[in-house]
Amino acid sequence: MSGYADTLPKIKALRFKGADMQLLLADGRIIIVPLSKFPSIKKLSSSQKRKYHIMAGVGFDFDGSDEVYHISEFLGADNSLPGLQKKIVPYPQSYSLSR
């Protein structure tokens, strides 16, 4: 199998660029999220944003903040194939694309 299906995402570093935060993953991917989705991170000073601690590659926090963030908050709760299959609702047998 190719791609990232069997890869557990692990955070290697964080970067901040403008209104976005980048999560650099150990496998080479970069996840970019708007800080507007994470107001508690957005309100941190530039100095505080540079003082982060990565926890086992799956979480992080910042000096001066009580919050701990998990990678699933940035990727979605369950993006595994079995998880996505549970979310997909098939069309009913009677559904027709023709009108």
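Which three strands form an open sheet, and in what order? They are S4, S5 and S6, in the order S4-S5-S6, with antiparallel pairing. Strands pair here if DSSP finds at least two bridges between them. The edge strands are S4 (52–55) and S6 (68–70), each of which pairs on one side only. From one strand to the next, the twist averages 25°; the axes are lines fitted to C-alpha atoms, for helices over the stretch in contact, and angles run from 0 to 180 degrees between N-to-C directions.

Before I go on, some conventions. This is a predicted model, in which local features need pLDDT of at least 70 and side-chain atom pairs count only at pLDDT 80 or more, while totals for chains, interfaces and linings use all residues. Residues are numbered from 1 along each chain as its sequence is written, and side-chain values use heavy atoms, leaving out hydrogens and water.

Now the chain as a whole. It has four helices and six strands, and from the N terminus on the elements run β-β-β-α-α-β-β-β-α-α. Helices (H or I, at least four residues) and strands (E, at least two) are DSSP runs, numbered from the N terminus. Of the 99 residues, 27% are buried; buried means under 20% relative accessible area, exposed over 50%, and partly exposed in between, with a 1.4 Å probe and protein chains only. The accessible surface of the chain comes to about 7,200 Å², and 55% of that belongs to carbon and sulfur atoms. Those areas come from the Shrake-Rupley method with a 1.4 Å probe; for residues, only the protein chains shown count as cover.

Next, the core. A nonpolar core is a set of buried Ala, Val, Leu, Ile, Met, Phe, Trp, Tyr and Cys residues joined through side-chain atoms within 4.5 Å. The largest one has 16 residues, of which Met-21, Leu-23, Ile-41, Phe-60 and Phe-74 touch the most other members. Strands S1 (11–17), S2 (20–25), S3 (30–34) and S5 (59–62) each supply at least two residues of this core. The largest share, three residues, comes from S2.

Leu-23 touches, among others, Ile-11, Val-33, Phe-60 and Phe-74, not counting residues up to four places away in sequence. Contact means heavy atoms within 4.5 Å. Gln-22 also sits in strand S2. Is Gln-22 buried or exposed? Gln-22 counts as buried because its relative accessible area is 9%. With the sequence neighbours up to four places away left out, the residues touched by Gln-22 include Leu-14, Lys-17 and Ile-31.

Last, the rings. There are six aromatic pairs in the structure. Rings of Phe, Tyr and Trp (its six-membered ring) pair if their centres lie within 6.5 Å; planes under 30 degrees apart count as stacked, over 60 as edge-to-face, and the rest as tilted. Phe-16 and Phe-62 make a tilted pair, 6.3 Å centre to centre with 50° between the planes. Phe-16 lies in strand S1 and Phe-62 in strand S5, 46 residues apart. Phe-16 is partly exposed, at 26% relative accessibility, whereas Phe-62 is buried, at 1%. Phe-60 and Phe-62 pair edge-to-face, at 5.7 Å centre to centre and 90° between the planes, and both are buried. Ring pairs link Phe-16, Phe-38, Phe-60, Phe-62, Tyr-69 and Phe-74 into a cluster.

Phe-60 stands opposite Tyr-69 in S6, and three bridges join S5 to S6.
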